[in-house]
Amino acid sequence: MLKFKSLVAAVGLTAIAATTWAADITGAGATFPFPIYAKWAEGYKAATGTGMNYQSIGSSGGIRQIRAKTVTFGATDAPVSGADLDKDAMVQFPAIIGGTVPVINLDGFKPGELRVTGPVLAEMFLGKISKWNDSKLAALNPGKNLPNELITVVHRADGSGTTFNWTDYLSVISKEFADTVGKGAAVKWPAPTSVGGKGNEGVAANVNRIKGSLGYVEYAYVKKNNMNFMQVQNANGKYVSPDDLTFAAAAAGADWFSVPGMGVSMVNAKGDTSWPISTASFILMYKNPADKAASNEALKFFDWSFKNGKKMAADLDYVPLPDSLTNEIRAKVWSQIQK
Amino acid sequence: MSNPLPSSAQAAHFLKTAERQRTQDWLFHRLTQVFSLMVLLALAGIIVSLFINAWPTFAKFGARFIWYVEWDIINEEFGAAIAIVGTIASAGLAMLIAVPLSFGIAVFLTETCPVWLRRPLGTAIELLAAVPSIIYGMFGLFVFAPLFADFIQVPLRQVLGGMPLIGFLFGGAPNGMGILAAGIVLAFMVVPFVASVMRDVFEITPPILRESAYGLGCTTWEVVGKIVLPYTQKGVIGGIMLGLGRALGETMAVTFVIGNANRMPTSLFSPGTSIASTLANEFGEAADFHMSSLFALGFLLFVITFMVLALAKIMISRAEKAKGF
């Protein structure tokens, strides 16, 4: 028995020794920014020799892990409220910006040829507009020969930040959507034809396969799969196409420090060229971390990534934060973290 | 003439050997006992931890959770009815297709197949069982679903959709996904299990019984129905239950084709969800009460599987009693 105990102790000590020795930064959370965090980690490792181990287990998982203090930073797409941040003595800051895009499968139209407004989009996802030749859609697209086809709504089957961003937008733009569906990482889709796909790739696959379908995916998947998308009317009444410029325009208009924890919703952002369904993905860290060395390493990682990771972000169709914003994050947010 | 009785030295040696063997036996007995108790312990541990995590949901909804038709994450209203119906309907459809098919395969392989073809065919079926479920899922979504929509859903709806009483079963958008599509893909997955178990048990029917029946002038059909099936009943039921167990718990393949809609299915074509696919989809982003409801779903799947197994055991023991074994 004694032998067994000492064996356990030995194994435990080795495990502890191994983790200290490796000194990798650990983080967990949102799946939406995973590709760029992984890319940054690769670059950071090459530049400094320190690795960053990020597990994309989902935003709620990231919040759970940082609360359980098993990781140095958590990552979430839906910002944590200021009250919750204060309760846990955590800080929150955005790390990367992206956008969600309504994609369609309709023969005879070029990408971006069809136009839609937020309220009409909401009615389509509510199932109240069920055909492509509905008069409300036709009114937005004069001269276009819209087919008499059923709209099949494709949504995410798994909980995701993309769904949060999408339902956040529809809830802001349509009171009925806010009342009957609401915003969240996973919601109850009311349209009688709606089907769920697993992950962005699942939604993309279903939209590409089902004639007359309408779904929403992260921008990178639109480009990767050459998908047909709709232009959306923004808060200034202009129709815009999704790309890094329109996402950046939406980010530029945001007043980041108006909300505690920088949890600004970028949906329906003002500005002529703003994409109305843009979003930021956030990082959570403790103000008084148990492991200060690890926390410092994580900050160094983000500092490096903000400075050197812009090209990587653009390559992956994300929008990096502007320098003015990252400087403010360094001065106002990181300063609260005890070194 | 040598003494048949061993000398005292020999006796002591034998005694020692016997003692050593007894200790070894005892140790071996205990060791294997610990192994099997570990399984029981793990099982009990899983049930208990599922139940503890599911408790907030059971405490709030009580037994109503089982038949409550709602899954609204935002408003925290959860019921298992939609997922239970989806699970049982897709698994039931799968068995409806897979059991006759597997039976046919097994009969062909054991009774009428030319000897040179037996080996390759049997191996092919066993290989199908080794295909990972994600492959079936991808095949289901990218290959099967489009074909299913154009060549099965549309004709079925045109021919049967207008019929009274059963017409409603074929309503809904023909987009290649839904309960029936999931059932068919599950059938593909279950056939190799059921067929290979059936073939193995059919093969153990004593040749003497079979040959006597053929000698009396029985047809192949009569031999299968009156000799092979009654003799192998237990194994056949076991094989079917193995298949049903897989169909009930299958996750990835179902997630790809069932449509993942949290609505009560109204037809064979309407998208639905199963317990396993709901768990797979929603665990990542679940928190608090949602999480607990997912655990409650998992607990119910456990109970359903357990009931299926118990039912199979009862059926087998009834059948054995009836035959007077």
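Trainee: How many bridges join S1(A) to S2(A)?
Mentor: Helices (DSSP runs of H or I, at least four residues) and strands (runs of E, at least two) are numbered from the N terminus, and two strands pair if DSSP finds at least two bridges between them. In S2(A), A:Tyr54 has A:Gly27 opposite. S1(A) and S2(A) run parallel, and the bridges that join them number four.

Trainee: What kind of model is this?
Mentor: Residues are numbered from 1 along each chain as its sequence is written, while chains are lettered from A and ligands numbered from 1 in the order in which they are written. Local features need pLDDT of at least 70, side-chain atom pairs count only at pLDDT 80 or more, and totals for chains, interfaces and linings use all residues, as the model is predicted.

Trainee: Along S2(A), which residues are buried?
Mentor: A residue is buried if 20 or more other C-beta atoms, placed from the backbone, lie within 10 Å of its own, exposed if 12 or fewer, and partly exposed in between. The side chains of S2(A), residues 52-55, alternate.

Trainee: How many residues of S6(A) are buried?
Mentor: S6(A), residues 152-156, pairs in parallel with S8(A) over three bridges, and A:Val153 is opposite A:Leu214 there. With S7(A) the pairing is also parallel, over three bridges. S6(A) is mostly covered, and of its five residues the number buried is five.

Trainee: Which residue of S7(A) is the bridge partner of A:His155?
Mentor: S7(A) covers residues 195-197 and pairs with S6(A). The partner of A:His155 in S7(A) is A:Gly196.

Trainee: What is the bridge partner of A:Val232 in S11(A)?
Mentor: S10(A), residues 231-233, and S11(A) run antiparallel and are joined by two bridges. In S11(A), A:Val232 is partnered by A:Val240.

Trainee: What covers the buried residues of H3(A)?
Mentor: H3(A), residues 59-67, has eight of its nine residues buried, including A:Ile63, A:Arg64 and A:Ile66. Just after the helix, A:Lys69 takes a positive phi of about 60°. The cover of the buried residues includes S1(A), S3(A), H7(A) and S12(A).

Trainee: Is A:Asn226 exposed or buried?
Mentor: A:Asn226 is in the loop between H10(A) and S9(A) and has a positive phi of about 50°, although it is not a glycine. A:Asn226 has 8 C-beta neighbours inside 10 Å and therefore counts as exposed.

Trainee: How does A:Asn268 count, with 19 C-beta neighbours inside 10 Å?
Mentor: A:Asn268 lies in the loop between H11(A) and S12(A). Phi of A:Asn268 is near 55°, a positive value in a residue other than glycine. With 19 C-beta neighbours inside 10 Å, A:Asn268 counts as partly exposed.

Trainee: At what angle do H3(B) and H6(B) pack?
Mentor: Axes are lines fitted to C-alpha atoms, for helices over the stretch in contact, and angles run from 0 to 180 degrees between N-to-C directions. The axes of H3(B), residues 81-112, and H6(B), residues 179-203, are 6 Å apart. The angle between these helices is about 35°.

Trainee: Which element gives the most to the side of chain B that touches chain A?
Mentor: Two residues are in contact if their C-beta atoms, placed from the backbone, lie within 7 Å. By that cut-off, 22 residues of chain B are in contact with 26 residues of chain A. S1(B), H5(B) and H10(B) each supply at least two residues of the side of chain B that touches chain A. The most, three residues, come from H5(B).
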